[in-house]
Amino acid sequence: MHTRRPGLIVALDVSSATRAQEIVAAVGESAFCYKVGMQLYTAEGPQVVRDLVAAGRHVFLDLKYHDIPNTVAAAVREAARLGVSMLTVHASGGSKMLRAATDAARSVKPDLVVLAVTVLTSLTDHDLDNLGVHGRVGDQVLRLAALALANGCQGVIAPARDTARLRTELKDDFVIVTPGVRPLGTAPADQARVVTPREAMAAGATHIVVGRPITEAPDPGAEARAILAEIGSALQPATVGRA
Ligand code: C5P
């Protein structure tokens with residue numbers, strides 16, 4: 001079982017390890033996990049992950065792997081060896097790729113949480129149609145989430161608008177990580193649809209991802225604590241995806 005209280009994941013979307021470390025120092029234990037994505041990983045490489053893990057932080061490596069099964073499995077094994085706690089793969093890589101990823105994770109780090117990205121939230125029904133996927137985005141999200149869970153993924157990344165349906169139509173005990181979260185009173189920036197931390201929790205998320213509202217705040221630590229206060233949730237830093 002995982003905790004149903006959403007853990008705060010802070011997206012370290014910055015271009016230097018120095019800046020990332022400043023944010024981590026300010027936010028500290030208020031974050032359940034720190035997300036290292038394409039920007040920071042491309043700029044600084046795996047050492048930034050090793051340093052966070054060595055400092056006792058949980059790391060969510062968000063590189064959205066999508067390649068042939070053998071290549072994705074090899075990358076997942078390397079991520080597991082880095083000591084990350086969560087990582088992402090694209091569900092549209094298909095069942096063989098998903099199974100290769102989850103088997104690889106288990107072979108190196110059995111508690112590694114493999115999460116699937118379903119449909120990028122930037123895509124519309126029309127975009128899917130252009131890709132040869134006919135139907136509604138929401139139906140494709142559901143289809144890909146079911147495929148991911150059937151192939152060993154512990155959960156999915158999903159915007160709040162899809163969360164309730166995933167909870168209703170799929171089993172109830174998987175991880176849902178919701179990005180696009182904005183605390184009350186902050187600017188939405190370029191996120192087209194945003195929800196508050198409390199709304200994300202009510203919709204069924206287990207974890208929320210917050211980037212710029214924390215990383216660009218004058219006091220990132222205070223902002224993180226305010227988000228925790230808003231969701232009214234005590235964190236359990238020792239558990240990632242499971243309680
Ligand atoms: O700064 P902000 O809070 O918008 O950061 C959101 C984070 O969540 C970014 O790292 C982004 O890559 C990620 N994300 C997202 N929307 C998705 C999936 C992931 O914003 N649908």
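Tutor: Gladly! Just after α7, G152 takes a positive phi of about 95°. Before we go on, note that this is a predicted model, where local features need pLDDT of at least 70 and side-chain atom pairs count only at pLDDT 80 or more, while totals for chains, interfaces and linings use all residues. Residues are numbered from 1 along each chain as its sequence is written, and side-chain values use heavy atoms, with hydrogens and water left out.

Student: Why is D162 called buried?

Tutor: Buried means under 20% relative accessible area, exposed means over 50%, and partly exposed is in between (1.4 Å probe, protein chains only). D162 has 10% relative accessibility, so D162 counts as buried. This residue lies in helix α8, residues 160-169. Leaving aside neighbours within four places in sequence, D162 is in contact (heavy atoms within 4.5 Å) with G138 and V141.

Student: What makes strand β2 largely enclosed by the rest of the structure?

Tutor: Five of the five residues in β2, residues 33-37, are buried, so the strand counts as largely enclosed. Both of its faces are covered: C33, K35 and G37 are buried on one side, and Y34 and V36 on the other.

Student: How do you know that β2 pairs with β1 and with β3?

Tutor: Two strands pair if DSSP finds at least two bridges between them. Three bridges join β1 (residues 7-11) to β2, and these strands run parallel. Four bridges join β2 to β3 (residues 59-65), again running parallel. As examples, K35 in β2 is the bridge partner of A11, and V59 in β3 is the bridge partner of Y34.

Student: Why is the contact between E29 and R57 called a salt bridge?

Tutor: The term requires a side-chain nitrogen of Lys or Arg within 4 Å of a carboxyl oxygen of Asp or Glu. The N to O distance for E29 and R57 is 2.9 Å, so the pair meets the definition. This pair links distant parts of the chain, 28 residues apart: E29 is in the loop between α1 and β2, and R57 is in the loop between α3 (47-54) and β3. E29 has a relative accessible area of 52%, so E29 is exposed.

Student: What separates R81 and E78 in helix α4?

Tutor: They are three residues apart in α4 (residues 69-82), so about one helical turn separates them. An α-helix has 3.6 residues a turn, so residues three or four places apart point the same way. R81 forms a salt bridge with E78, with the closest N and O atoms 3.1 Å apart. R81 is exposed at 54% relative accessible area, whereas E78, at 46%, is partly exposed.

Student: How many salt bridges does a search of the whole structure find?

Tutor: The search finds 10. Among the residues involved, K35, D62 and K64 are linked in a network of salt bridges.

Terms used: Helices (H or I, at least four residues) and strands (E, at least two) are DSSP runs, numbered from the N terminus.
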